[in-house]
Amino acid sequence: MDEIINYCELDEYEKVQCLDELLKTSFSCIDRNVKDIKAEMDKSQEGSLPQFLFVRRDKKVIGYMFLIAEKENASKHFPWWAVDNSDELPIETDLRLVQYGVSLCTQAGCLKLADRLEMQMENHRNGIGRRPPEFSL
């Protein structure tokens, strides 16, 4: 089973390892400098946004969900409300990841973002906005 982990729960070595692996995947962002991205992610605190989730399979990062804020450009490195690759993951992992995101947003009081993720999850349940299974990770 794929493992969903929160950046806040990782030790320093695991944080750098996850970021290195992430930047080797299809993830792209404005600045691919691990040091700058790590500094931005280190702002993550329990109970508030931003939150950064990773999906690992056999200790390799295959997925991510970054919950930034309920406004664009709240972060220099991540200019979105949220970004993820849940549509590329197996449906069971996809739904668990998005549900985890809904929970984090709700706990942080970011209900608009939680509603958007709920809509995404419902769409994915219905096959809308997902890659065909043969292209899933």
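1. In this predicted model, Leu-113 touches Leu-49, Leu-67, Ala-69, Glu-70, Trp-81, Ala-82 and Cys-105, leaving aside residues up to four places away in sequence. Leu-113 is also among the residues with the most contacts inside the largest nonpolar core.

2. That core has 19 residues. Besides Leu-113, the residues with the most contacts inside it include Val-55, Met-65, Leu-67, Leu-97, Cys-105 and Leu-117. At least two core residues are supplied by each of strand 2 (51–57), strand 3 (60–67), helix 3 (91–107) and helix 4 (111–125). Helix 3 gives the largest share, 5 residues. Another core, of 17 residues, lies apart from this one; Ile-5, Leu-19, Met-41 and Ile-68 are among its members.

3. Glu-21 belongs to helix 1 (residues 12–24) and is buried, yet it has no salt bridge. The nearest side chain of opposite charge is that of Lys-60, 4.8 Å away; a salt bridge would require the nitrogen to lie within 4 Å of a carboxyl oxygen. Not counting residues up to four places away in sequence, Glu-21 touches Lys-59, Lys-60 and Val-61.

4. As to the overall arrangement, the chain comprises 4 helices and 4 strands, which follow the pattern β-α-α-β-β-β-α-α along the sequence. Of the contacts in the chain with a separation of 6 or more, 60% are between residues 24 or more positions apart.

5. Concerning burial and surface, 47% of the 137 residues in the chain are buried. The chain exposes about 7500 Å², of which carbon and sulfur atoms supply 50%.

Notes
Residues numbered from 1 in each chain as written. Predicted model: local features only at pLDDT ≥ 70, side-chain atom pairs only at ≥ 80, totals over all residues. Heavy atoms only, no water. Core = buried A, V, L, I, M, F, W, Y, C linked by side-chain atoms within 4.5 Å. Buried < 20%, exposed > 50% of the residue type's maximum accessible area, 1.4 Å probe, protein only. Contact = heavy atoms within 4.5 Å. Lys, Arg positive; Asp, Glu negative; His and termini not counted. Areas by Shrake-Rupley, 256 points an atom, 1.4 Å probe, with all protein chains shown as cover.
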